[in-house]
Amino acid sequence: MTMKILRDMENSNDLRAMEDAQTFFKIHRDATICIHEVQRMPGLFASIRYEVDQLDKSGRFIVLGSASPHLLRQTSESLAGRIRYLE
């Protein structure tokens, strides 16, 4: 059974835990990680892209919040080929 981790970027403790996202993702490499309200920390997209490219495990990240195409255009990471939108 895969461990599931939820981090809510509106929670100050969760926000601090994600300040070093690459280390957090490495520690929890076998977990499914759900990040809620990701728009509060757009810098996470680069770390998510890196992790997806390294492990190539579909469904490892669930990103919730205002992760709209408009938000993604504002970041340097489009996650092209690595993202699927569900409404």
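This is a predicted model: local features need pLDDT of at least 70, side-chain atom pairs count only at pLDDT 80 or more; totals for chains, interfaces and linings use all residues.
Residues are numbered from 1 along each chain as its sequence is written. Local features need pLDDT of at least 70, side-chain atom pairs count only at pLDDT 80 or more, totals for chains, interfaces and linings use all residues, and side-chain values use heavy atoms, with hydrogens and water left out.

Start with the sheet. Helices (H or I, at least four residues) and strands (E, at least two) are DSSP runs, numbered from the N terminus. Three strands make an open sheet in the order β1-β2-β3, and the pairing is parallel. Strands pair if DSSP finds at least two bridges between them. β1 (4–8) and β3 are the edge strands, each with a single partner, so one side of each has no neighbour in the sheet. From one strand to the next, the twist averages 15°. Axes here are lines fitted to C-alpha atoms, for helices over the stretch in contact, and angles run from 0 to 180 degrees between N-to-C directions.

Look next at β2 and β3. Their parallel pairing runs over three bridges. I33 has F61 of β3 as its bridge partner. Helix α3 lies across both β2 and β3, and runs at about 155° to β3. Contact means heavy atoms within 4.5 Å.

The loop between β2 (32–36) and α3 (44–55) holds V38. V38 is buried, at a relative accessible area of 0%. Buried means under 20% relative accessible area, exposed means over 50%, and partly exposed lies in between (1.4 Å probe, protein chains only). V38 and E10 are 28 residues apart in sequence, yet their C-alpha atoms are 9.0 Å apart in space.

Rings of Phe, Tyr and Trp (its six-membered ring) pair if their centres lie within 6.5 Å; planes under 30 degrees apart count as stacked, over 60 as edge-to-face and the rest as tilted. By this rule there are two aromatic pairs. In one, the ring centres of F24 and F25 are 6.1 Å apart and the planes stand at 70°, so the pair is edge-to-face. F24 and F25 are both buried. F25 also pairs edge-to-face with F61, at 4.8 Å centre to centre and 70° between the planes. This pair links distant parts of the chain: F25 sits in helix α2 (residues 21–27) and F61 in strand β3 (residues 61–63), 36 residues apart. F25 and F61 are both buried.

Now the charged pairs. Side chains of opposite charge can pair when their charged atoms come close. A salt bridge is a side-chain nitrogen of Lys or Arg within 4 Å of a carboxyl oxygen of Asp or Glu. The model has four by this rule. One of them joins R7 and D14, with the closest N and O atoms 3.6 Å apart. D14 counts as buried, at 14% relative accessibility.

E51 takes part in two salt bridges. With R29, the closest N and O atoms are 2.9 Å apart. That pair links distant parts of the chain: E51 is in helix α3 and R29 in the loop between α2 and β2, 22 residues apart. E51 is buried at 2% relative accessible area, whereas R29 counts as partly exposed at 28%. With R60, the closest N and O atoms of E51's salt bridge are 3.0 Å apart. Both E51 and R60 are buried. Shared partners join R29, E51 and R60 into one salt-bridge network.
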